[in-house]
Amino acid sequence: MAEPENSVQFRIRRELDGFAGVVQRVWGRWWVKTLAALGVLGAIGATVFYFAFAAGLPSVDKLRTYEPPLPTNVRDIDGMPIHSYARERRVELSYAEYPPLLVRAFLAAEDKNFFEHHGVDYLGIASAAVNNLTSHKRPAGASTITQQVAKNLLIGNETSYARKIKEAILAYRIEDTLTKPQILELYLNQIALGRNAFGVEAASYAYFGKDLTQLDLAQMAYLAILPKGPSNYDPIRHPDRALGRRAYVLREMLKNGFITQAQHDAASAEPLGTVPRQTPKTETAGSGYFVEEVRRQLIDKFGEDERAGPYSVYSGGLWVRTSLDEKMQDYAQTALRQGLLRFDQGRGWSGPIGHAEITDDRWQGALLNTNIGLDYDDWRAAIVIARDESAAQLGFSDGSTGTLPRFAAQMPVRGGGGTAFAAMKAGDIIAVAPSGGEFALRSVPKISGAFVVEQPQTGRVLAMQGGFDFRVQAFNRATQAMRQPGSTIKPIVYAAALEGGMTPASIIVDGPFCVYQGARLGQKCFRNFGGVGGSGGHTMRWGVEQSRNLMTVRAAATTGMPHVVSLMDRIGVGKYPPYLSFALGAGETTVSRMVNAYAILANQGRSHPSSLIDFVQDRHGKVVWPENWHACDRCNAPDWNGRPMPRPVAGGKQIVDAMSAYQMVHIAEGVIQRGTATVLRDLDRPMFGKTGTNTGPTDVWFIGGTPQMIGGLYIGYDTPHSLGGGAQGGTLAAPIFKAFAVKAYEGMDKLPFRAPAGIRMVRIDRQSGKPVFGAWPTDDPKASVIWEAFKPESEPRRVIHRGTIFPDPAAAATAAAAAAARARAATQAQSEARKDSDFLQKQGGIY
C-alpha cells in the first residue's frame, strides 16, 4: 500500500533520496575525488610527520622543575661569600626581579611580539626560509624566545631544518605548559652572553661590574644585543659593531613604544661603558690556595660536572661553608710574604713571571690568556709591549699602559750578568709597582714556603697560604710539598718516649751515639746541629729546649724506633721505616700534617683530622655532607631558656696518651722561654712550639701556638738547595710566625694549656731534674726552679736514709732530737704542700 504523500515517512524518504543523488553527482566529478585523495594523503603525511619529528621529542614538563647548571658557592667561617667554582657564571633571578626596562630591551631585540604569539612567528619563519633557500650561509630562522628556550634547554643546537621543525613543535607545547613570565624567566636565566656569563645578571657584572638594578638604559640595550653572538659585539674587538647593534635595539624600543624619544636620544649618546674582563666578585683576594684545596676535596667527593651526579662542583649549585677566617688568612699570608721578601732581598732579579707572544699589537689578549696576576700590596702584573734604550712600554690587563724607565729596572739578574732592564724583552710578563707617574720593577721571590693555621679542638683550618701568590705559583706547598721537617719532629719522638715510661726529668746523655747498620752501610754516628759535641747528661726538657740531636736519637733508641714510627703514623705525620735517622726528621711530610700533629698534642692527644669544609648544602639548603651532620640544637636561640647550655658533641680519637701529650706541650713551652724560639717570648702568653732546620740547610721550620690556635710554616726553595750556613728555624721561620702572632693574638685571652686529670705539678731543679722543697718558681725564664708535669707516682722523690742506732744515752738523745727534727720537717712539708696548692690557686690554676 503506497504511503500518503503528505506523511512524515514519505517526506523523509524523499529528502534522503535527493541527498544521495546529490552526493552521487558530486562524487562523480573529478575534482571532488582529487580533493578527497589529497585529504587522505594529508592525514597520512601528518601521521608520518608526527612520528618523524614530534613523537620522540622530550617532554616539556621537566621545564617546570628545570634546574640549570649553577656554580658552587664557597663561604668563609662567618658565612660571607669568598669564591665560586663555575664553568658557566650564572645567577638565577625570578621574573619579578628583572627590571621591566631590561625585559623590554630583550623583547625589542629578539621577539617584540612575544606576548601576542603562541610560540612561533610564522611570517619570520617564512622570510627566513626564503633567505636560506637563496643563500649558502648557515641556515637561520626567526626563532622566538620560546623557540630559543626549546633549543637551549631541550633539543640542543644542531644545525638543520629538522631541528627547526622540532623547535617549533616544542615551542607550542611550552606555551601550553608554562606562562609567558615563566618562559621569560627561563630565557633570561640561561642565555649565553659571552665572557663565560650565562644569564643576564651574571652578564651585567661581567660587562659592567654591577648588578642589573644599577644599569642604565644604554647598558641594558647593550646586553640585549649579545644573544645574536657575543663575540660579534665584543666591546674591545668590535666596538663599532656593538654601537651599531645597540642603536638598532634602541630604535626598536622607541618604535614599539617601550621608551620615549628623550630616553632614546640620551642612551644613544652614551659610550658602551663596559669594563675589562675581571675576577668574579665572589672571589676574595688572598684565598686562592685555600679555595683550591677545597675544590680538590669537593671534586674527590662529588665529581666535576652533571655526569658525576646532582651535587657536582661545576653545575650542582652547592653551598659550601668553610673554616677560612679571612683575618687569619690575611695575617698568615702577609707574614709569609714579607718573610720571603726579606730573605730574597738583595739577591737580584728572579726573571719574568711568564712570557706571551704578541701578534698584531694584541698584547691585552695575550696577557689575559696567561691568567697571571698579582695581589700583593700595590704590585701589578704587566706585559712588556716594547723596549728601547731608555724605557720599556708596559700593558696591563685592564687595557691601560705605562712606562718602566731604565733606571727603575737596574737590579742585577740573579745567576747571570747584566741588569734586569737589559734582560727583558717584548712579551715578558713582569711584576711592577707604581713609582711617581711611572713604574718600578719588582722581583717575585724565588724562595717559597707555606703557612697553615688550625684550631686544635676541632681540626678546622683557619688559614692556608701555599706560596707567595696563587696566580703566580699555583702549587700548594701546604698540602702538596713533601719536605723534611727537621727538628720539628722531635716533640713526637719524645712523646713516644714519655709514653714508654720516661719523664721530663729523665737524664739522657748528650754524647757520641753510633749504631751498626750492617755490612753494607757500616757504622752510623750521629751528631748535634753544627757538629757540636756532647755535653754529658741532661734532662729531657733541656734536650728539647736546646734541640740536641744526640739526646733525641738516644731517647728514640731507648724507646724503640718501632714505637716511635708507630706514633708518627698514628699522629698523621707519615709512614716511615724504623731507622734512627727518622727521629731527626729525615722522613718527608707536609706543613699541614705537622700542624695537625702539634694540634693533637695541644688537644691532650685527641685527634681531629685537618678540615677545611664544615658542611656542604645542595641548592635547596639540605646538608649533603658530612653524612652524619647535625645542627647544634638551640645554639642560635635568642634567649637562654634556663636549661643546660647546648654543646657540640666532642669527637676525635685518642691518638697519644693524654698525660704524655700534656707533658710534651709543657716541655715545649720551654722552647719559647729559653730554647731555640726565644724570639717569641715577648708575646707574653702561654705558648709552645719547636723550630726545625734540616740538612743543608734547605728548609727551616717553626710549628707551635696556643690553646686557641696552632700555626706552622716552612720556607725553602722548590728545588731544594742550601739557604746559607746561617739559616735556622729560630732566625728565619720563628720571626715569620711572630709577625703573624702579633696581629692574630691581639685581644685574645691568655689561656694556659689544660692538663688532664692525674697530672702532678712538682717543683724541680731545671738543670738536674731533682725535686726542690725550699724554693719557688719565678717569672724569670732562666730560673733554676720550675714547675714540671709528672704522671702519678713518676715524679722524683726525696730519699730519706735511716740513721745508725746508737747504744749509749747520748746517742739516744741525739736520735730523739733527730726524730723531733723529722717530725718538724714532716709538718713543714705538709705546710709546703698546702703552699703549693695556694700558689696554684693564686696563679689561676694549672689546667
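These are my notebook entries on what I looked up in this structure, which is a predicted model.

**Entry 1, salt bridges.** I began with charged pairs, since side chains of opposite charge can pair when their charged atoms come close. My search of the whole structure gave 26 salt bridges. I then looked at several of them one at a time.

The side chains of Arg 541 and Glu 788 meet with N and O 2.6 Å apart. This pair links distant parts of the chain, with Arg 541 in helix α17 (residues 540-545) and Glu 788 in strand β26 (residues 785-790), 247 residues apart. Are the two partners buried or exposed? I noted that Arg 541 has a relative accessible area of 3% and is therefore buried, and that Glu 788, at 0%, counts as buried as well.

The next pair I wrote down was Lys 738 with Asp 682, whose closest N and O atoms are 2.9 Å apart. Here Lys 738 belongs to helix α22 (residues 729-744), while Asp 682 sits in the loop between α21 (658-674) and β22 (688-693), and 56 residues separate them. Asp 682 counts as exposed, because its relative accessibility of 57% is over the 50% cut-off.

Since Glu 795 lies in the loop between β26 and α23 (809-842) and Arg 760 in strand β25 (residues 760-765), the pair ties together parts that are 35 residues apart in sequence. Glu 795 is buried at 9% relative accessibility, whereas Arg 760, at 38%, is partly exposed.

I also found a network of salt bridges that links Glu 292, Glu 293, Arg 295 and Arg 296.

How many of the 11 residues of helix α18 (residues 549-559) are buried? I have eight written down, so the helix is largely enclosed by the rest of the structure. Among them are Asn 549, Leu 550, Met 551 and Thr 559. Just after α18, Gly 560 takes a positive phi of about 105°. In the loop between α17 and α18 I came upon Ser 547, which has a positive phi of about 55° although it is not a glycine. Ser 547 is buried, with a relative accessible area of 13%.

Glu 793 is another non-glycine residue with a positive phi, of about 65°; its place is the loop between β26 and α23, and it is exposed, at 60% relative accessible area. A cis peptide bond joins Trp 625 and Pro 626, with omega about 0°, and Pro 626 belongs to the loop between β20 (623-625) and β21 (653-654). Gly 696 and Pro 697 are also joined by a cis peptide bond, with omega about -10°, and Pro 697 is in the loop between β22 and β23 (699-705).

On the surface, I noted a nonpolar patch formed by Trp 30, Trp 31, Leu 35, Leu 38 and Leu 41, which together have about 620 Å² of accessible area. Of these, I looked up Leu 35, which is in helix α2 (residues 30-54) and counts as exposed at 52% relative accessibility.

Inside, the structure holds one cavity of 30 Å³ or more, and the largest cavity has about 30 Å³ of space. Its lining includes Trp 349, Pro 352, Ile 430 and Arg 442, and the lining residues divide into six nonpolar, three polar and one charged.

Methods: Residues numbered from 1 in each chain as written. Predicted model: local features only at pLDDT ≥ 70, side-chain atom pairs only at ≥ 80, totals over all residues. Heavy atoms only, no water. Patch = residues over 30% accessible without salt bridge, like charges linked within 9 Å, V, L, I, M, F, W, Y side chains within 5 Å. Areas by Shrake-Rupley, 256 points an atom, 1.4 Å probe, with all protein chains shown as cover. Salt bridge = Lys/Arg side-chain N within 4 Å of Asp/Glu carboxyl O. Helix = DSSP H or I, 4+ residues; strand = E, 2+ residues; numbered from the N terminus. Buried < 20%, exposed > 50% of the residue type's maximum accessible area, 1.4 Å probe, protein only. 1 Å grid on protein atoms, 1.4 Å probe; cavity = no way out; pocket = protein on both sides within 12 Å on 5 of 7 lines; lining within 4 Å. Points joined across faces, edges and corners; volume = space filled by probe spheres on them. Nonpolar A, V, L, I, M, F, W, Y, C, P; charged D, E, K, R; others polar.
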